[in-house]
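Please look through the structure below, one element at a time.

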Amino acid sequence: MPASPAQTPAKLREAYQALQQRIGEAAARSGRSAEQVVLVAVTKYAAMDQVRQLADLGHMDFGESQVQQIQQRVPQLEEYLARKRSLGSSTKADNPPDRVRWHMVGHLQRNKVKQAVPLVNLVHSVDSLRLAEELHAYGAKHDLDIDCLLQVNVSGEATKSGILPPATLHLLEQIDSMMHLRCRGLMTMAPHHDNPEDCRPVFQRLRELFEEARDCEWVDDKFNVLSMGMSNDYEVAIEEGANVVRVGRSLFGESES
């Protein structure tokens with residue numbers, strides 16, 4: 001497998017700046033600004049030094065798909081940022097945030113809820129009533145309000161998690177009765193295509209579902225997150241209304257293993 005295009009600090013900075021520019025251009029095509037789109041840097045293939053460097057560049061939102069990785073990376077980055085605050089930045093180029101937000105972007109097993117929830121700000125992948133109930137039970141036990149997204153399997157692929165589109169509004173209504181679980185929006189993963197344009201119908205359908213849900217009486221103005229688009233197709237997703245994109249390979253490259 002080819003070496004990562006972002007192995008060095010200089011290359012990671014270049015990749016980050018190029019990604020921000022392309023996000024801004026896609027947002028402009030949809031009548032929005034770059035600031036209205038949140039980039040979640042998915043660190044699955046990143047070395048910890050790269051995660052730290054991205055934080056030094058001022059980046060705030062990081063995502064992981066595995067609970068074990070979250071358990072390792074969250075305290076490591078927190079310790080690094082705390083040390084930065086106490087010692088001060090070593091260079092003028094450093095601009096680390098006071099805190100970062102972690103996103104659980106992968107499938108979350110019910111028996112992993114208690115490990116993941118204390119470490120993340122948003123669970124992107126609620127794909128069943130049973131998982132929603134488990135999250136709510138944890139929130140009730142610990143007096144926490146947990147933010148989540150519903151993962152919708154728009155494409156219908158058997159290999160992808162997520163509820164089917166016809167079940168979306170019903171599950172939202174059920175979650176509305178769960179005092180400690182707050183659904184902030186919808187998420188999907190499009191099938192991989194060599195041509196990102198082929199993903200557009202999936203993003204259009206999720207946007208339609210999102211708008212339908214916003215008209216329902218059981219959601220409020222905090223239901224405002226449309227998470228769709230990854231390294232291969234995030235520009236098309238933004239054009240179709242995404243305000244959160246999840247990008248890893250375009251920043252960090254593929255794993256070399």
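Which residues are exposed on the other side of α3? In this predicted model, Gln68, Glu78, Ser86 and Leu87 are exposed there. The helix itself, α3, runs over residues 67-87, which makes 21 residues. From its first C-alpha to its last it reaches 30 Å, close to the 30 Å expected at 1.5 Å a residue.

The buried residues of α3 are Val67, Gln69, Ile70, Arg73, Val74, Leu77, Tyr80, Leu81 and Lys84. They lie on the same side of α3 because they cover an arc of only 145° around the axis. The general rule is that an α-helix has 3.6 residues a turn, so residues three or four places apart point the same way. The cover over the buried residues of α3 includes α2 (48-56), β2 (61-64), β3 and α4 (113-116). Just after α3, Gly88 takes a positive phi of about 85°.

One of the covering elements, β3, spans residues 101-104 and contains Met104. Met104 counts as buried because its relative accessibility is 0%. Beyond its neighbours within four places in sequence, Met104 is in contact with residues including Val67 and Ile70, both of which are buried in α3. Other contacts of Met104 include Glu64, Val120, Leu122 and His124. Met104 and Leu226 are 122 residues apart in sequence and 15 Å apart in space, C-alpha to C-alpha.

The structure holds zero disulfides. Cys148 is in no disulfide, and the nearest cysteine sulfur, that of Cys183, is 4.5 Å away; a disulfide needs the two sulfur atoms within 2.5 Å. Cys148 counts as buried because its relative accessibility is 0%. Cys199, at 0% relative accessibility, also counts as buried.

Definitions and conventions
Residues numbered from 1 in each chain as written. Predicted model: local features only at pLDDT ≥ 70, side-chain atom pairs only at ≥ 80, totals over all residues. Heavy atoms only, no water. Buried < 20%, exposed > 50% of the residue type's maximum accessible area, 1.4 Å probe, protein only. Helix = DSSP H or I, 4+ residues; strand = E, 2+ residues; numbered from the N terminus. Contact = heavy atoms within 4.5 Å. Expected span 1.5 Å × (residues − 1). Arc of directions from axis to C-beta.
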